[in-house]
Amino acid sequence: MSLRSLRQRFKPDKPDERDDGRVLTPNEEFEVVPSLPEKDDCDRMSFHSAASHSPADAESVEAKFRDAQEKVIYEHQLNQLQEQLVAVMIDNQNLQQQLQEYQEKLDKDKTLALLEYERHRAQLLEERCAKLEKQKRRPQRSKSDVVVRPLLQRRLSAGDMSDIEAASEAEEDSFSDTSVELPHPPPTQSRLDRMWEGLLQFVYGIMDDFTELPAEETEEDPEGDPLTVKKLKENIKRAGAAAKPYITTIQGIHNLLTWKSPPYTLIVFVVYMYSVWRGWFMPLLLLCLTFRLTINYLRYRGWNVNFHFFNCSEEDKKEVEDKDLGVSDKFNLVLQVARKVQNFLGLAADSLEKIKSLLTWRYPPATKQLFFLLLTSCIASCILPSSHIFFVAGLYLGFKMFILDYLFLRFPRFKLKYDSSYRIWKELPTDAEYEKKSMKSEIDRYILPKSKLEEADNLSEDTSVESLSVDDRQFCELFSLPLSESPLPGWHGGRRCTLINREKSLTAAFKNGRLYLTHSFLCFERTKAPSVKNIVIPLSDITRLEKAKPYAWIPGGGMAIEVTVTGSDKVLLFGALVSRDEIYNSIMEIGFVLDLPYATKNNKHSTKRTGKVSQARRSSNLHFQNFSLGVDCDSS
């Protein structure tokens, strides 16, 4: 049963009168009376219904109920309505309190801002008043003298008072008459004085320009903003948008030189060659730049001018918003961007390293051509006029860019045969290639002659390069050794050992690895990857090989060998050798067969044998990317 039907059913026949004498209409069944602030929230309203009237009226109302259940329902609905009204009143009071707090806070902020403004204004007024007082003090001193003297003269001439009285009265009159302002004529300056003052100001200004500014305390982080995904994405978008015009221009020039539009390229080629022939190339270039700036100005002023020197045919790419991408799509996008950045940085690094190789004589044929070209250009510039040189250079560049480069691009075989600049650029080494080449040449200088190696038939078996195992090939690749320098029989897989540095503490003195012996080298493998921690010791540089004991407090004879290398004061100590005597005998036996100094104890023969090659190597510390060569290997 709805509340409206209950009201129509139980409304009284006659209008009731309330306690204050006002007539209560049938439609006005309830009245909410707000309570005083100190009362409880539940007592903030009083309800005047039919039950609040006289007992007769109450009995007449109760008589209209059909049964007791209907009366209970009616009272239950009245209680629910009362609870809802109480809740609404509480919410209304809370909202009013919040609104009052916000208004007080707003008034407080306004008051603080107004107070700060008035404080700043008062400070400015105080400074202005101080300046005005300083300006007024100067004319007052001369004003008193100007006023006092004529008054004294007039009164003394009349004979009315004595000298002292006249002077005092005149001074009082001059200071009491504050409303009279006497004119203060500005001091006149001659033209010479004005010129001198202007010159001094100019000199002082120049001197101030060369003074040092005080160090400003900045709270900014010198490393910049922290790394965030949002900032990174924003910067990538900004960089792409800013670089787009330049990339478009480069693509347009490339399309122009590759004859993508033959009529347009032909027109540009004819105009270029004619301007170079007539000597108008520089004015033509400046005219094109001025015309481009003019078009940009018209666009800035609101003109819709779509003119481009280069028409780039770009494919329309649909931009996919991030919200439409899933997690896997975003991850793939990040991988694509990272791969592009990696490849671009690799190409840039290769180009810079090749330019360095060209300028530092790492590839002598290319550097020789550049040297003679620069020398010829220098001599020609001293003999011929500059206009003739630019004329020849312009014709050559135009013919090469528009004709030769197109032929080289169209016919790759023709390019490989006749494009010398392309071949030289491809042959220029990068840093990694140059280091590998230097490493190979350095290693080849220490490989022992084949005639002596062939005499060691009792030590090694004849093994061909094709019969090498995978481990031996990996070993040669790790130490950048030729395949002929594979481990000797019995040394395949290496011997476990520890490189001991007695100058360090026990916790940092031991470096575990494997020891290998080839025909020409003693190798120590610290890691499986190419690293300077791996050591290659030429057998021809070993001056002494002895059995040793790493520490005196270790029982027994010790399981270590000491290796002394030419040009190094430190001794390489390899310990923890399980079969120390067998390893020692194997190294000494190969030394006897090859007549090496550490086995024959003939150091003079070593000096004659190694010659200038070893002396040249000892003069410098050789650390390659894959390993360290002999001298400074103990530092690793």
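**Aromatic pairs and nonpolar cores in a predicted model**

Ring pairs link F269, Y272, F281 and F402 into a cluster. By pair I mean Phe, Tyr or Trp rings (for Trp, the six-membered ring) with centres within 6.5 Å; planes under 30 degrees apart count as stacked, over 60 as edge-to-face and the rest as tilted.

Before going further, a word on the source. This is a predicted model, in which local features need pLDDT of at least 70 and side-chain atom pairs count only at pLDDT 80 or more, while totals for chains, interfaces and linings use all residues. Residues are numbered from 1 along each chain as its sequence is written, and side-chain values use heavy atoms, with hydrogens and water left out.

Let me give the overall picture. The protein chain holds 19 helices and 10 strands; these are DSSP runs, numbered from the N terminus, with helices being H or I of at least four residues and strands E of at least two. Of its 636 residues, 23% count as buried, where buried means under 20% relative accessible area, exposed over 50%, and partly exposed in between, using a 1.4 Å probe and protein chains only. Among contacts (heavy atoms within 4.5 Å) with a separation of 6 or more, residues 24 or more positions apart account for 55%.

The UniProt record, an unreviewed entry, annotates residues 280-298 and 370-387 as "transmembrane region". Such positions are given in the numbering used here, feature names are shortened, and annotations may be inferred rather than shown by experiment. In the model, residues 280-298 are 95% helix and 0% strand, with end C-alpha atoms 27 Å apart. For residues 370-387 the span is 89% helix and 0% strand, and the end C-alpha atoms lie 23 Å apart.

I return to the rings. The count of aromatic pairs comes to 14. In one of them, F414 and Y418 have ring centres 4.9 Å apart and planes at 45°, so the pair is tilted. Why are these two separated by about one helical turn? Because they are four residues apart in helix α12 (residues 412-418). F414 itself is partly exposed, at a relative accessible area of 31%.

A further tilted pair joins F475 and Y516, whose ring centres are 4.7 Å apart and whose planes are at 40°. F475 lies in helix α16 (residues 470-478) and Y516 in strand β4 (residues 510-517), so this pair ties together parts that are 41 residues apart in sequence. Are F475 and Y516 buried or exposed? Both are buried.

Two charged side chains also lie over rings, by the rule that NZ of Lys or CZ of Arg is within 6 Å of the ring centre and within 35 degrees of the ring normal. K415 lies over the face of Y422, 4.2 Å from the ring centre. The charged end of R495 sits over the ring of W491, at 5.0 Å from its centre.

Next, the cores. A nonpolar core is a set of buried Ala, Val, Leu, Ile, Met, Phe, Trp, Tyr and Cys residues joined through side-chain atoms within 4.5 Å. Which residues touch the most other members of the largest one? Among its 29 residues, they are F574, I587 and Y598. Helix α17 (residues 580-593) gives the most to this core, with five residues. A second, separate core of 11 residues includes F475, F479, Y516 and V536.

Leaving aside residues up to four places away in sequence, the contacts of Y598 include L539, I542, T543, R544 and I587. T564 is found in strand β8 (residues 560-565) and is buried, with a relative accessible area of 13%.

Finally, the backbone. Most residues other than glycine have a negative phi, and most peptide bonds are trans. S480, not a glycine, has a positive phi of about 55° and lies in the loop between α16 and β3 (495-500). D595 likewise has a positive phi, near 60°. D595 is placed in the loop between α17 and α18 (597-600) and is partly exposed, with a relative accessible area of 32%.
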